[in-house]
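Q: I'm new to this one. Can you walk me through it in short answers?

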Amino acid sequence: MIAAQLLAYYFTELKDDQLKKIDKYLYSMRFSDETLKDIMNRFRRDMEYGLGHDTNVTATVKMLPTFVRSIPDGSEKGDFIALDLGGSNFRILRVKVTQDKKQPVQMESQVYETPDDIIHGSGTQLFDHVAECLGDFMEKQKIKDKKLPVGFTFSFPCAQTKLDEAVLVTWTKKFKASGVEGVDVVKLLNKAIKKRGDYEADIMAVVNDTVGTMMTCGFDDQRCEVGIIIGTGTNACYMEELRHIDLVEGDEGRMCINTEWGAFGDDGSLEDIRTEFDREIDRGSINPGKQLFEKMASGMYMGELVRLILVKMAKEGLLFEGRITPELLTKGKIETKHVSAIEKTKEGLKKCMEILTRLGVEPSDEDCLAVQHVCTIVSFRSANLIASTLGGILSRLKENKGVARLRTTVGIDGSLYKMHPQYARRLHKTVRRLVPDSDVRFLLSESGSAKGAAMVTAVAYRLTEQARQIQQTLAEFRLSKAQLLEVKKRMRVEIEKGLKKESHQEATVKMLPTFVRRTPDGTENGDFLALDLGGTNFRVLLVKIRSGKRRSVEMHNKIYAIPIEVMQGTGEELFDHIVHCISDFLDYMGMKSARLPLGFTFSFPCHQTSLDAGILVTWTKGFKATDCEGEDVVELLREAIKRKEEFELDVVAIVNDTVGTMMTCAYEEPTCEVGLIAGTGSNACYMEELKNIEIVEGNEGRMCVNMEWGAFGDNGCLDDIRTKYDQSVDENSLNEGKQRYEKMCSGMYLGEIVRQILIDLTKRGFLFRGQISETLKTRGIFETKFLSQIESDRLALLQVRAILQQLGLDSTCDDSIIVKEVCGTVSRRAAQICGAGMAAVVDKIRENRRLDHLDITVGVDGTLYKLHPHFSRIFQQTVKELAPKCEVNFLLSEDGSGKGAALITAVGCRQRELEAQQH
């Protein structure tokens, strides 16, 4: 018993001793984590060189764009053909993708031999051969009459400018067919198919085998965004943000980059870690100085590395008692499959003995142990190197996404990874150490690259079909110049109806007289009080206007809330609350004793009979106070002031906010005679000739008309451009059938139109993987401020995704692109039809004045106009195109409802004085 233990102990000692010797001998092949992190950073730097516009030319890691922009989302379906040309065998598959959960992908394949004389012959011969095999395959499958989409896995370095075009950079792997390098292989294949003339094929995508691997795994796991091959050769691809790929136009979305990482180190950047054995392998290869990283890490060279080490160790008497045989000196005698066999846990040493015995070196048990250890060091180095470069890709993905922890899947294929007993485990462990803040799933690719080509084709097919249908949906929102001119013409018709006495009653665009007869001329002077009621907040302002050389406007204001019970109580309670707030403000300003002139901005539809009388037509915006509709609101205010018995005020004018906007701008710019609000609501006003306003006495001079244009179209005159989404928004609104124009172009409704479109696209399976979340079902969730954020040019798609995530919508990159396009289309139409309305107004003024050319300024206010990144530009462009005889300037208004009300009051006071002098 003791003897056995002693023997075992002796053997272990011997083993440890022997292994330490080898560790020392192959010290330069063993890397610390520090070195691996350093290699990872070097690779990161090389990736950036490859992506950069100026650095790509000299970069060793080429970072080729593949034009694959999306991973499968599980909704692909169809019948596809995949060709796989990458070695001496050429495979053709028919891949049926269905929505059947049990067996979503069915494949039938056939392998065709590619003889050497064809591999080394002419390009024409090679592609004629491919076309012939494809014809034979289609014949057997009985699909010659169908024009099926084809995906082509072509595993050679190619430059692509689109998905269905690939120019061969250089042949590799024994291929040498003439006249192909520098030519588009799709063209060559199409030419060969056309020449036969017995079938048609639609080649939709050319992919590299690495990309094929990522796509195959991507069908099973939508998180997959990296593909790696660790086999005879090695390479990787991953999904990069398009904004970082200088060689491809556009910033939206992602694209798969084929790194071609085998060439990492070809510029000498890995010299410090290459060993004498690596240099010897390189010297004896068919491409010296090229693919240096691949030569250190891939299966093609691993057996050879081991052989070179064994030769050197034997020469130095460290192995086989110095015996060297012709077999051991023969290149290729130790293959990678031998390395895998030797490293097996149980029968590895036995296999080692067999392999070494065949080489005639008469190995001892210690020799076998030593050789097993050499194999381990060489294959472990390979796993470590690949872990470093993969770590580079993963850390870049993490940075691109801006997340604290990366969750992703890596699709892997290749004989070394699959066959070697320890390789996968070692690779995974090292990756986890190098990129600790990540959860990486490694997914083995089944049926590899060819199925991937079918997947790329399936995705391309889905996206093409999807894009077509989405464009068809959005086409209804894209209005032609002819349609916009029609909107302008109809607005003009409605304007005339509103101005004429006989049609005013049933006109939808009401053209309400405001009794504001002129714009400010700079002589306004005095202290004025302004009230601003138009929403849940109520403002009281003191405005001090000074005329003369140092014209100035000084404002003080205070904001008061209006409780919901007051908004929806009695009219008396509402006006008492308003007066209570005025009283508080006058105390605050110490001005209770002065009898100040007051302007009242009242942003609800009013029928005015004079500057200081306005009958409320109807409450809007959630107000419901009783006994107000049909009453003169100025009288209601005056009565409430009387009830308070604390102060006196002279109510001079009741003002609509649109008119206030015009007046504020006119104070700065005398040519301003139009006001526009493009915010939550939409409305306009302008100076009309008094003789045209038939419902007001008098023919001399002008008067500002409050158009109330939001109701344009309520009589059905815009039905031909309203979409089903507009109808749906209208049906779900508080005032169905009313304010139809406003519902197509104002901030309050744009988000709602977008939401309706997104629901429809999701139902049709084009968005959010077909899942309609609770959030998306919620009315009003999509505020207009989100539209402004999503459409901002500075926002990358990641931020768009973040906004959608805030809304509880888990979106992919493709989803974000679609959402962004929907938002842009809806807001563009809004700006255009708003512009068409404005073009009608300025042309009307030009015609009123019988001018060939009109110079005019429009005062504008409203959040949509001010905050949306494109609305104002598109709006102005539309006005310019539709009213070419008008030179229109746009001026942003500062506080139209406060300052504007005070200016109207000042102009009103002057008007009263003039009238008093005349009498």
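Q: Which residues are linked in a network of salt bridges?
A: Glu271, Arg274, Arg279, Asp282 and Lys295 are linked that way. A salt bridge is a side-chain nitrogen of Lys or Arg within 4 Å of a carboxyl oxygen of Asp or Glu.

Q: Before we go on, what kind of model is this?
A: This is a predicted model, where local features need pLDDT of at least 70, side-chain atom pairs count only at pLDDT 80 or more, and totals for chains, interfaces and linings use all residues. Residues are numbered from 1 along each chain as its sequence is written, and side-chain values use heavy atoms, with hydrogens and water left out.

Q: Back to salt bridges. How many does the structure hold?
A: The structure holds 73 salt bridges.

Q: Which side chain does arginine 323 meet in a salt bridge?
A: That of glutamate 321, at 3.0 Å from N to O.

Q: Is glutamate 321 buried or exposed?
A: Glutamate 321 counts as exposed, at 70% relative accessibility. Arginine 323 is partly exposed, with a relative accessible area of 24%. The cut-offs: buried means under 20% relative accessible area, exposed over 50%, and partly exposed in between (1.4 Å probe, protein chains only).

Q: What about arginine 468? Which side chain does it meet in a salt bridge?
A: Glutamate 465, at 2.8 Å from N to O.

Q: Where do arginine 468 and glutamate 465 lie?
A: Both are in helix α15 (residues 448-475). They sit three residues apart, about one turn of the helix. Helices (H or I, at least four residues) and strands (E, at least two) are DSSP runs, numbered from the N terminus.

Q: How accessible is each of them?
A: Arginine 468 is partly exposed at 45% relative accessibility. Glutamate 465 is partly exposed at 33%.

Q: And which residue pairs with arginine 702 in a salt bridge?
A: Glutamate 689 does, with 3.1 Å from N to O. Arginine 702 lies in strand β24 (residues 702-706) and glutamate 689 in strand β23 (residues 682-689), so the pair ties together parts that are 13 residues apart in sequence.

Q: Is glutamate 689 buried or exposed?
A: Glutamate 689 is buried, with a relative accessible area of 11%. Arginine 702 counts as partly exposed, at 32% relative accessibility.

Q: New topic: surface charge. Which residues form a negative surface patch?
A: Glu565, Glu572, Glu573, Asp627, Glu631 and Glu639 form one. Patches are made of residues with over 30% relative accessible area and no salt bridge; like charges are joined within 9 Å, nonpolar side chains (Val, Leu, Ile, Met, Phe, Trp, Tyr) within 5 Å.

Q: Where is glutamate 565?
A: Glutamate 565 is in helix α18 (residues 564-567). Glutamate 565 is exposed, with a relative accessible area of 56%.

Q: Which residues form a positive patch?
A: Lys344, Lys350, Lys351 and Arg358 form a positive surface patch. Arginine 358 has its place in helix α11 (residues 348-358). The relative accessible area of arginine 358 is 56%, so this residue is exposed.

Q: Let's go inside. Where does leucine 319 lie?
A: In the loop between α9 (299-315) and α10 (336-342). Leucine 319 is buried, with a relative accessible area of 0%.

Q: What is leucine 319 in contact with?
A: Leaving aside neighbours within four places in sequence, leucine 319 is in contact with Leu310, Met313, Ala314, Asp367, Ala370 and Val371. Contact means heavy atoms within 4.5 Å.

Q: How many residues apart along the chain are leucine 319 and valine 371?
A: They are 52 residues apart along the chain, and 8.6 Å separates their C-alpha atoms.

Q: And threonine 210, buried or exposed?
A: Threonine 210 counts as buried, at 0% relative accessibility. Threonine 210 lies in helix α6 (residues 209-220). Not counting residues up to four places away in sequence, threonine 210 touches Gly227, Ile228, Ile229, Asn235, Ala236 and Cys237.

Q: Last topic, backbone angles. What is the phi of phenylalanine 67?
A: Phenylalanine 67 has a positive phi of about 65°, although this residue is not a glycine. Phenylalanine 67 lies in the loop between β1 (64-65) and β2 (78-85). Phenylalanine 67 is buried, with a relative accessible area of 12%.

Q: And what is the phi of glutamate 645?
A: Phi of glutamate 645 is near 55°, a positive value in a residue other than glycine. Glutamate 645 lies in the loop between α20 (633-644) and β21 (649-655). Glutamate 645 counts as exposed, at 71% relative accessibility.

Conventions
Accessible areas come from the Shrake-Rupley method with a 1.4 Å probe; for residues, only the protein chains shown count as cover. Lys and Arg count as positive and Asp and Glu as negative; His and the chain ends are not counted. The place of a charge is taken as NZ of Lys, CZ of Arg, CG of Asp or CD of Glu.
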